[in-house]
Amino acid sequence: MSTVEHETVMSVPLSPHAAGLLRRMTDPDREAGQAARQQPAELARVGDREFGVLVVAARNLPGPVNGVQHPGWAVRWAVEEALRKRQPTFTPESCAALLATLGERAAAEPYAADPRLATAALLRCDGPWPESARRSAGAIARGVLGYGRVAEPYAVAALAGLAGGLTRPVLSTLFAWSRHSFARDEFELLAKLGTTAQLLVAEVGPNQSYLCPPQLPDAWQRLAAIDEYAAFARRALGAAYARVAAIQAGELPYAADRAFGRDEVETLGRAVRIALLRDEPWLPELLRPLLLGVAVAPTSANTLPSQALLYEVARAAGDFPTPEALAALIAARGVVRHRGVPKQLDRMLKRVERGLAERSDAVLRLPDLGFDADGGCVVPVGDHQAVLTASEEVLLRWRRADGTLSATVPASVRRDHPERLKELRARVKQAREQLTALARILEAGLPAASAQPYRQWREGLAGNGLGWSVAKRLIWEFPDASGRWRAGLPDDDWRTGDPDGSGGLFRDVAGAPLPPPDPDAPIRLWHPVRAGVEEVRAWRELMTARRLRQPLRQAFREVYLLTPAEEETADHSLRFAAHIVHYRQLYALLKGRGWTIGMLGPWDGGDSAQAYRVLAGGTWRVGLHTDYLGEEGVECAGTGRVWFERTSAGAWRSSPLTEVPAELFSEAMRDVDLFVAVASIAADPYWTDGHTRYLDYWRHESRRELGSSARIRREALAGILPRTRIADRCTLTDRYLVVRGELRTYKIHLGSANILMEPDDSYLCIVPERRKTSGDLFLPFEEDRLGLILSKAFLLADDARITDPSILAQLRPR
C-alpha cells in the first residue's frame, strides 16, 4: 500500500495517519504488525469518511490463528470503542464492503449477525446504494430470518425491504414474536412507505447494537417529516386511548400492566415522540386522559393498567419536552396509587424540566389551572366560595359570611360536596407541583443563560397567574437603550402600572425604576456570576430585608470562577479532587442532578468511572472522574478531575477551561461542590465510630477553609442571627459559628456542620436532625445544612436544658 499523503481506499483519500492505522489491520506481515502493537490508535485525527473505511477493515479482521491474536486487534478495539461515540460516513463503496462482510457472517453465523450496523451504514452512506449493497442486505435478512430468532425486527424489515420488498412471508416471520395490533399496523405502513422510512424506524428503535454509532442527530426529525407516519401516530394514540377508556369502563378485562404488549409500548412511544416533535395541536387533549387512564386501576387495587406506557411517555417527553406533556405527567403522577411509581416518575420529570429549559417558549405555555392573572381563583361550592391563591405557596381557603378567609372546610361542603372538595384539593396539589416544576425549568436554563423576547415573557410567564407568582420573586435582566444589561425585580405594582400594555416597572437593587424593555428585547434570569461583588451583596441584603424567599436560589447562589491553578492546568480542574465520599449517596446525587455514570464496585472494570452531564442544549458536557474505594463494609469513592467538552463534527472534544462560558462553568462546578459537600464522609458524624481508615481526611475536612457553599451560608447567617433570641450568644468567625452556652463554648463548622468544644477542640456528636429553630425565623433560601447549623446553635445556646444522655456524656470535661 502506498504511503503517499492522499492514498485512496474505497474511493476515500486517506491521510498518512489513517493509512497507517489501516495497514496495522490489513498488513499480512504479522511481525511488522507486532512492532506497531504498542502504538496508540489516535482516532481523533481521523476524518469521518476515513473512519468509515477503518470500520470496514475492523469488521474484516480475522480471528485468532493457532491461538495467536492478530496484532491489528488493538486498532480494532479502538475503532469499535470510537464507533459507539462518533458518526462515521460511508461512501457507496465502503458501505457495500461493510454490508458484504456482514452478509457473509450472517450466512455462516446467523446468531451473530448485526443487522443494526448494516442499517446504520445505509443511513450514513453519502451516495446511492450500489446493487451489491442491496444483495448483501438480502443475505443479512435471510440469515437472521432463517435463524428464527429476530431480536431486531425493524432493522431486519428494513434490510428485507431494500433487498426486494417487505413481503408477507417476512412480515409473518417477524410477527411470530407476538407483534400486537399497533405494531402490526406500523409494519404494514412501513411496507408501503419504503426503505428510507424503515431505516429511520430501525435507527430510532430501542434495539441498539453494541457496535453501532450513536443515533443520528436528525433521525427523529426526518421520520417526523413523513406525513403518513405522523398520521399513523395520531391514529395509534387515539386507538390506545380508546382501549384504556374501555378498560376503565369495564368493557375490557383489567390486568395489571397488561393493557399493551411490549411491542405496542415501543410503537406508541414512537408515536408520542413524533407528535411531541411536531408539536401537534391535538396531542394535549389526547395525552392527558390517556395518561390518567394508564396511571390508575379501574378497581381499588394499587396497580395500573400500563406502567410501561406511562414510563415510555415520560421518556418520550424527556426527549422532546413540551409544557403540556409535563403538565399531563404531573396530573398522572397525582392519581397513581402504586407506591413505587411516583419516585420513578419524579426522576423522569426532572429530565423533562431540564429539557424545557432549553426552549425559549417552554415557560410560556404551562396551563394556568384556572388561576387569574394575579394568581387567584374563586370557585363556588354550594353556598360557599373556595378561594385558591398562588404566591410563595398555593393555599385553599374558604370565604366566611363576613368576607374573611379560613382554612377550615365548612361542614356542609364536607357533607354535601365531597367530590368537589376532592377536586379542589387535587387542583391545589397539581398547582404546587407545577410551580415547583416551573422553578426547576427556569433554574435549568441558567447554564445556557437562556433568554426569550420580552413580549413573550410578558404575555406568557407574567401573564399566567401561576407563572406570575414565580416571576415576581426573581431578578431579571435585559438590555437598556445603550445595550447595557440592567437587573431588576418587577415592581409591586407591576400589573397596575401598564395602561398601555407594555408592562409595569422593574426596580434595580437601589429601588430606582427601570424602564420596561422593548417588546423584542431579550430578557433572562440574572446570575450572580455576571455581577460585581457589591451588587451581589446588595441583592442579598435586599432579599433578607424584604423577607423575600425566592422560588429558586438566585441572589444567594454560589459562584465559581476560574482560578489561576485551573488556568495553569488548562483543560481540567482539580478543585474537588481527592475527596472521600459515600458512594451510594454520590450515585443518587449524580442521578438526581441529571448526570450519567456507570456503577462502581469490586468487579472487573468497576474500579473507576466517568460521570457526565450534558448542558446548554447538548453543546457542552462536564465530566467528573471517580474511583472505587472499599471501606470496612461501607462503599466509598474518591473524586478526581473535572473537565469540559463541546460537540464538534458529531463527537465530544475536550475544551480549555478558559473557553467555557462563565455561567456554564459556575453551574457545573456548583453541582460537583454539592456532591462533595453532601456525600463526603466529613459530613458523617458517625464516621469516627468504628471506622479506622480516612480519619485524617475526616479531621481535615471537618475544619478546612470554607468553600463557596459554606461562604454563602456564612453570609446568610450574618443576616439571620441578629434577629434571633440567641444573637448575643453567637459569633461568626472565618470558618465557624461560635456559640456560647452555659456549660461549654462550641464551634460549629460552617462547611461540615461538625461541632468542636472549647477549650480542647474535642468533637461533639449530635444526630443531624432537622429541628424547628424558631416559630417565625426567616431563612432566605432552603438548605438542609443551613437549617441544621441553626438548629444546633439554638440547642447549644441553651445547653443547660439538654436532657439527652448521649449528648450530656460528651459535655462533661475530660
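Predicted model: local features only at pLDDT ≥ 70, side-chain atom pairs only at ≥ 80, totals over all residues.
**View 1. The largest cavity and its lining.** Searching the whole structure turns up 4 cavities of 30 Å³ or more. The largest cavity, shown here, has a volume of about 200 Å³. It is lined by 21 residues, and those closest to its centre are Ala677, Arg704, Gly751, Ser752 and Arg785. Helix 26 (662-679), helix 27 (695-702) and helix 28 (708-720) are the elements that each give two or more residues to this lining, with helix 28 giving the most, 4 residues. Sort the lining residues by type and you will find 7 nonpolar, 8 polar and 6 charged.

View 2. In soluble globular proteins, nonpolar side chains tend to be buried together. Here, the largest nonpolar core has 162 residues, and Phe260, Leu310 and Trp476 touch the most other members. Helix 20 (residues 418-444) gives the most to this core, 10 residues. Another core lies apart from it and has 45 residues, including Val536, Ile720, Leu721 and Leu788.

**View 3. Aspartate 257 and its surroundings.** Look for aspartate 257 in the loop between helix 13 (227-248) and helix 14 (262-278). Setting aside neighbours within four places in sequence, aspartate 257 is in contact with Leu304, Pro305, Ser306, Gln307 and Ala308. A polar atom of the aspartate 257 side chain lies 2.7 Å from the backbone nitrogen of glutamine 307. Valine 294 is 37 residues away from aspartate 257 along the chain, and their C-alpha atoms are separated by 8.5 Å.

How values were computed
Residues numbered from 1 in each chain as written. Heavy atoms only, no water. 1 Å grid on protein atoms, 1.4 Å probe; cavity = no way out; pocket = protein on both sides within 12 Å on 5 of 7 lines; lining within 4 Å. Points joined across faces, edges and corners; volume = space filled by probe spheres on them. Nonpolar A, V, L, I, M, F, W, Y, C, P; charged D, E, K, R; others polar. Core = buried A, V, L, I, M, F, W, Y, C linked by side-chain atoms within 4.5 Å. Buried < 20%, exposed > 50% of the residue type's maximum accessible area, 1.4 Å probe, protein only. Contact = heavy atoms within 4.5 Å. Polar contact = N/O pair within 3.5 Å; in protein donor to acceptor, adjacent residues only side chain to side chain.
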